[in-house]
Amino acid sequence: MRYTHHLRFMLGCLAALLILPFVLQATGSSYLISTATRLVVFAIAAVSLDLLIGYAGLVSFGHAAFLGVGAYTVGILSFHAYEETTLIGLPGSLSGLVALPLALALSALAALVVGALSLRTRGVYFIMITLSFGQMLFFLFVSLEQYGGDDGMMMFEGRNTLPLLDLNDRVSFYYFCLAWFVLFFWFCTWLVRSKFGRTLAAIKQNQDRLSSIGINAYWAKLQVFVIAGVGAGLAGALSANHTEFVSPALTHWTRSGDLMIVVILGGMGTLVGPVLGTFLFLLLEEFLPLILRGLGLGLLSEHWRFVFGPILILVVLYAKTGLYGLIFPRRD
Amino acid sequence: MSQLFLEQLLNGVQLGMFLFLVSAGLTLVFGFMNIINLAHGSLFMIGAYAMALIGGVTGSFLAALVLSVPVVACAAWVIEIVIIRRLHARDHLDQVLATFALILFINEGTTMLFGRVPLFLDVPESLSGTVTLPGGVTYPLYRVAIIGAGLAVALALWLIIARTRVGMQIRAGTTNRETVEQLGVNIDRLNTLIFVVGAMFAGLAGALAGPLTSVEVGMGENLLILCFVCVVIGGIGSIRGAMLGAITVGVVDTMGRAFVPDILGRFLDPATASGISAGLSSMSIYLLMVVVLVFRPTGLFPVARSV
């Protein structure tokens with residue numbers, strides 16, 4: 001019963017996302033397509049973080065770093081294509097067939113290195129070491145003077161190019177991101193239901209017990225860390241294409257915090273939840289200031305975080321199941 | 001060269017003292033209460049703003065210093081009762097999120113009260129000169145005073161933890177909380193005490209930092225992440241570890257910024273050297289932390305825990 005309910009809900013969401021551009025165009029608010037694209041892109045990152053937090057119990061506080069790796073790969077390739085210069089002997093590229101696979105490969109590599117070192121620790125040490133790696137990459141990007149340092153850089157050549165598809169058209173770009181999102185989401189759904197997914201659930205419960213029956217927990221955790229890193233790298237590469245702008249702000253530690261907030265707001269360990277959480281978060285960001293102004297609290301509208309903070313504390317303390325729990329309440 | 005070297009070394013130690021003052025509270029709260037508090041940096045910021053405000057009204061450095069610490073203590077007391085107390089039985093994820101949300105609230109509130117323009121404080125006249133240290137090195141008196149204050153706090157803290165009854169309860173509670181509770185110690189009261197005392201150290205650091213840096217929203221978080229590094233390097237829950245970690249991080253960070261460009265400049269052309277060294281020196285402490293954790297996953301001075 002719950003399962004079919006769940007499936008129907010997901011298909012409904014997918015249908016809504018598919019027709020969204022038409023609805024927005026028909027109602028004359030096509031500027032919101034950009035917001036919708038942002039939603040889909042950040043949902044990818046949120047779902048990937050849910051794999052770590054919700055399924056493997058790994059509280060990674062540096063997930064935004066991989067967003068940065070993906071985005072900077074796209075940005076740096078575009079920079080060298082524009083300047084017609086080379087980086088360690090290799091030319092830049094605007095082709096999505098080069099930039100996207102490379103972005104995914106490099107974020108996988110970064111996640112492999114970070115994961116291999118961080119996963120030696122557990123619990124609060126893991127939180128802090130991932131936070132430090134995030135900061136390390138943040139300062140690395142800040143120190144790249146050639147690529148704009150602190151301020152980041154514009155991609156003057158526009159978005160990546162693909163055969164048959166014009167990414168500079170906002171509706172095509174929306175569908176391009178949506179396709180990636182659906183693909184990644186489907187993959188994650190399959191993953192968490194597979195044998196590997198059960199291993200992750202067991203790790204979350206009791207890692208030592210798992211080791212004692214001969215399953216290498218470290219190796220399983222490293223695998224899921226790399227998968228999640230690739231997901232975030234994908235979101236970063238798409239985000240760079242979307243805004244045609246890359247900056248270290250993308251990897252700031254508060255961005256990692258935002259991603260965690262989104263996962264919790266939506267309900268962790270559900271995959272759908274983080275998507276809903278992303279939706280709610282972007283919605284609050286856009287509309288909470290307006291709502292506050294409507295209530296006659298003009299002063300607070302600019303400082304909407306002053307209201308958002310306490311709301312979030314209440315959610316963490318009293319509504320841990322998040323939005324998902326509201327929609328699918330457990331009847332037991 | 002040696003003048004510059006000594007000066008930078010002292011700057012490193014002085015940064016280490018700030019880091020220690022903030023880390024001490026962080027490590028105590030984590031070690032004893034098992035709570036990871038991201039908002040600890042906000043208490044540092046509150047201290048700095050209280051200093052600026054009270055200093056502006058009274059015109060006296062000493063009065064501002066003496067009054068701003070109780071202000072921070074009150075803020076911490078409220079935070080402990082309203083939020084932190086409810087986080088004891090929760091996992092670290094909840095603690096991270098709730099205290100992250102608290103940062104959003106405090107930062108935004110501070111922006112509403114004081115605006116986005118940084119405030120600048122003056123070094124008080126009585127502490128504004130320089131002193132000549134043995135060996136002929138001149139160094140600002142205010143920074144010497146900070147080093148002295150940090151050492152005094154460290155000594156006091158060590159005496160309390162190692163020699164008093166409360167200190168004994170804290171040490172025991174860090175190792176096994178339930179047993180201590182069974183033995184009739186009021187853990188809730190001790191929790192509040194530790195949280196408030198830790199906050200007072202952070203507030204003191206904030207108040208002292210006012211004249212050296214600009215007082216602005218977000219100043220706490222930058223320091224907080226450095227303090228995490230100190231605490232993790234030293235071993236969570238260990239005051240001795242926090243001290244060692246803080247001095248190491250302070251010195252490595254300062255020396256890295258001061259000398260890495262020079263050293264690299266000897267091997268590479270200036271443009272490349274300055275680019276790499278900027279990145280390298282801001283990354284150096286994180287690299288240090290990674291190295292420590294790879295070889296000692298629970299830090300240099302791990303505290304015995306029963307859980």
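Reply: Leu164(A) is found in the loop that runs between strand S3 (153-154) and helix H6 (170-193) of chain A, where helices (H or I, at least four residues) and strands (E, at least two) are DSSP runs numbered from the N terminus. This is a predicted model, in which local features need pLDDT of at least 70 and side-chain atom pairs count only at pLDDT 80 or more, while totals for chains, interfaces and linings use all residues; side-chain values use heavy atoms, with hydrogens and water left out. Residues are numbered from 1 along each chain as its sequence is written, and chains are lettered from A and ligands numbered from 1 in the order in which they are written.

The phi of Leu164(A) is positive, about 75°, although this residue is not a glycine. With a relative accessible area of 93%, Leu164(A) is exposed (buried means under 20%, exposed over 50%, and partly exposed in between, with a 1.4 Å probe and protein chains only). A positive phi is also found for Asn34(B), near 60° and again in a residue other than glycine; Asn34(B) sits in the loop between helix H1 (2-33) and helix H2 (40-58) of chain B, and its relative accessible area of 33% makes it partly exposed.

Ile261(A), by contrast, lies in helix H10 (residues 253-266) of chain A and counts as buried, at 0% relative accessibility. Not counting residues up to four places away in sequence, Ile261(A) touches Phe281(A), Phe308(A), Leu312(A), Leu97(B) and Phe100(B), a contact being heavy atoms within 4.5 Å. Between Ile261(A) and Pro274(A) there are 13 residues in sequence and 9.1 Å in space, C-alpha to C-alpha.

Leaving aside neighbours within four places in sequence, Phe61(A) is in contact with residues of both chains, including Trp253(A), Met260(A), Leu38(B), Val96(B) and Phe100(B).
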